Amino acid sequence: GGVGKRSVARLAAFIAGLDLVAMSGAEQPTDSPHTGGGVHTGGESPRVLGLKAELRALYRRIGLAQGSGGGAVTQNVALLVTEESVGGDDGCLRVLHEVLASGTVPFLFSSEEEDEIALLSWALAKDAGVANTKSSLIDFFLERVRSSLHLVLCFSPVGGAFRARCRKFPALTTCTAADWFHDWPREALVSVATSLLQNVQALQPLKAGDLGAAAQKSGSGLDTEGGGEKGGLVLNVAQHLCEAHRAAEAAAIASRQGTSVDNRMAVYVTPRCFLELVRSFALLVDERHSRVSRDLDKYERGLGALEKARDDVDKFKADLRSKTIELEIKKEDADKVLEEMGVKRAEADRLASSADEERAKAEAAAAEDAARAAAEAAEAAVSRAAAAQWKKKAAASAAGAKRATAQSSELRARVDELLGELEASKKRAESLSNE
């Protein structure tokens, strides 16, 4: 439904001092039917078994409640049942029908459990004058449950399923008081939307003066009066969402009125749709605000970089101007140096020309001296050749003289040898003659 049935039920339970217990709708496996007690009749769905298990615990809690002194204590409990917890199971509705009609659910407790309940109830029932029999104690137990247990059914009347349930289980209407929830008024929609949008960070800065400045820049007709936490952009957005929801409601009503009997695809717009609209809008605004914040941060960093670059460029321009002045001064100095170098170069060229002339003269004189020296060297060479030839001849003559002297010596020696032999021969001859 989404019209706030469960929220109103919780509020009513709190005001009436009831302990609100929501039906969980948990399922109990069918392969262990006796788990948790009770009697298994067969053919019951896991959701029905789970509901019975919850009712057994709730019955025990209410029917056996006692104070610190051991006396009976009334404990008022409200069982909240929603369509989600029932899950469209007629077996669960049959159990709830029996609870509403008589407070007694057949086969809810086993015989052993009834004996235990009767035993525990005797301590509470004897003060009330109840007979000490099992049936009397069980009736006392169930009466306590009937007087303290309140059933709150949060069902939607939309469609034919609710009508079929009421025809099949009349206690849903005859044993209950129906509270019909109609569309929320415009003031309630605006108030809820404003409350939900107060925590949207993107809408916090744009209030009062900031919103007026933004409206002047954009030329929008938003209401900027009222300021404060409930004025400004939050209130305008809440009003806009309210008008959008009311327009969707009108379109849904027109669609249902134009739907034929055979085609029952009717459309319903409930306050839950409005809450989802507000939450979706808040999430979308936060997402876009985060994206814009990131882009703005990048933009600011880029602007900072551009400003730094501009400062650097200005600094470079100032340095360039000072360097340009220094360059002009150095250029003038360089021109002067070039002029002096031109003068010195002309003088150097003149001196180089004179040096070339002197070098040419020196080379010519050196050539003449070299020719003269060559001629003298040639004459000296000729003289040296003649002297060498004369020396060779003298050496040859000396050698010949030496050979002649040697030969003469040899001849003299031979002559002396021969003279010696002759003397010896003469002496032998004389000795022979003497003999």
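Is Phe109 buried or exposed, and what is its relative accessible area? Phe109 is buried, with a relative accessible area of 10%. Here buried means under 20% relative accessible area, exposed means over 50%, and partly exposed lies in between (1.4 Å probe, protein chains only).

The model is predicted: local features need pLDDT of at least 70, side-chain atom pairs count only at pLDDT 80 or more, and totals for chains, interfaces and linings use all residues. Residues are numbered from 1 along each chain as its sequence is written, and side-chain values use heavy atoms, with hydrogens and water left out.

The chain has 435 residues, and buried residues make up 25% of them. Its secondary structure comes to 12 helices and 3 strands. These elements are DSSP runs, numbered from the N terminus: helices are H or I with at least four residues, strands are E with at least two. The accessible surface of the chain is about 28,600 Å², and 57% of this belongs to carbon and sulfur atoms. Such areas come from the Shrake-Rupley method with a 1.4 Å probe; for residues, only the protein chains shown count as cover. Contact means heavy atoms within 4.5 Å. Among contacts between residues at least 6 apart in sequence, 70% join residues at least 24 apart.

Aromatic rings come next. Rings of Phe, Tyr and Trp (its six-membered ring) pair if their centres lie within 6.5 Å; planes under 30 degrees apart count as stacked, over 60 as edge-to-face and the rest as tilted. The whole structure holds 2 aromatic pairs. In one, the ring centres of Tyr59 and Phe109 are 6.4 Å apart and the planes stand at 50 degrees, so this pair is tilted. The pair links distant parts of the chain, 50 residues apart: Tyr59 is in helix α2, and Phe109 is in the loop between α4 (90-101) and α5 (111-125). Tyr59 is buried, at a relative accessible area of 1%.

Phe109 also pairs with Phe141. Their ring centres are 6.1 Å apart and their planes are at 75 degrees, so the pair is edge-to-face. This pair too links distant parts of the chain, with Phe141 in helix α6 (residues 134-148), 32 residues from Phe109. Phe141 is buried, as is Phe109.

Lys52 is buried, with a relative accessible area of 6%. Neighbours within four places in sequence aside, Lys52 is in contact with Glu44, Val95, Val105, Pro106, Phe107 and Leu108.
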